[in-house]
Amino acid sequence: MEYLSQITAVPAIVVTCLLIGYCVKSCCKRKDINQYIPSICGVSGAILGLVVFFTTPELISGATWIESLAIGIVSGFAATGIHQMKKQLLEAPSNEK
């Protein structure tokens, strides 16, 4: 049960990065912003991983700040993957023969 309390920050980081990505996409009017959103989510995840490690280290399973940084980056990129998975599953295929 102790392990479950150590990974509570990961879903929170993923959801926060997903929301940051949606906010960037809706606020920015540039047409090429979509190519920057994965990087923005990765950097946001890294920052959030470090914030969680230095404020409440018992909530993240990283033993060092480098591990927490890596967990944050992967969580940020997971937010992009979740968005793309939802997009691919909900959109009807248009190129079927």
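Me: In what order do the elements of the protein run from the N terminus on?
Reply: This is a predicted model. The secondary structure comes to four helices and zero strands. From the N terminus on, the order is α-α-α-α.

Me: At what angle do helix H2 and helix H3 pack?
Reply: H2 covers residues 9-27 and H3 covers residues 37-55. Their axes lie 9 Å apart. H2 passes H3 in a right-handed crossing. The packing angle is about 140°.

Me: Are H2 and H3 oblique or roughly antiparallel to each other?
Reply: The angle between H2 and H3 is about 140°. Roughly antiparallel needs an angle over 145 degrees. H2 and H3 are therefore oblique.

Me: How many charged residues does the contact of H2 with H3 have?
Reply: On the H2 side, the contact residues include Ile13, Cys17, Ile20, Val24 and Lys25. On the H3 side they include Ile37, Cys41, Leu48 and Val52. By class, 10 are nonpolar and five are polar, and the number charged is one.

Me: Within what distance do the axes of H3 and helix H4 come?
Reply: H4 spans residues 65-90. H3 and H4 cross at roughly 140°, so they are oblique to each other. The crossing is right-handed. The axes come within 7 Å.

Me: How many charged residues does the contact of H3 with H4 have?
Reply: H3 brings Pro38, Gly42, Ala46, Leu50 and Phe53, among others. The H4 residues they meet include Trp65, Leu69, Ile73 and Phe77. By class, the contact has 10 nonpolar and seven polar residues, and its charged residues number none.

Me: Which cysteine holds the closest cysteine sulfur to that of Cys17?
Reply: A disulfide is a covalent bond between the sulfur atoms of two cysteines. To count here, the sulfur atoms must be within 2.5 Å. The sulfur of Cys17 is 5.7 Å from its closest cysteine sulfur, too far for a bond, and that sulfur belongs to Cys41.

Me: How many disulfides does a search of the whole structure find?
Reply: Looking from Cys41, the closest cysteine sulfur is in Cys17. The distance is 5.7 Å, too far for a bond. The number of disulfides found in the whole structure is zero.

Me: Is Cys41 buried or exposed?
Reply: Buried means under 20% relative accessible area. Cys17, at 0%, counts as buried. Cys41 has 2% relative accessibility, so Cys41 counts as buried.

Me: What percentage of the contacts between residues at least 6 apart in sequence join residues at least 24 apart?
Reply: The protein has 97 residues, and buried ones make up 25% of them. Among contacts between residues at least 6 apart, the share joining residues at least 24 apart is 62%.

Key
Residues are numbered from 1 along each chain as its sequence is written. This is a predicted model: local features need pLDDT of at least 70, side-chain atom pairs count only at pLDDT 80 or more; totals for chains, interfaces and linings use all residues. Side-chain values use heavy atoms; hydrogens and water are left out. Axes are lines fitted to C-alpha atoms, for helices over the stretch in contact, and angles run from 0 to 180 degrees between N-to-C directions. Helices (H or I, at least four residues) and strands (E, at least two) are DSSP runs, numbered from the N terminus. Angles under 35 degrees count as roughly parallel, over 145 as roughly antiparallel, 65 to 115 as roughly perpendicular and the rest as oblique. A crossing is left-handed if the near helix is turned anticlockwise from the far one by less than a right angle, and right-handed if clockwise. Contact means heavy atoms within 4.5 Å. Ala, Val, Leu, Ile, Met, Phe, Trp, Tyr, Cys and Pro count as nonpolar, Asp, Glu, Lys and Arg as charged, and the others, Gly among them, as polar. Buried means under 20% relative accessible area, exposed over 50%, partly exposed in between (1.4 Å probe, protein chains only).
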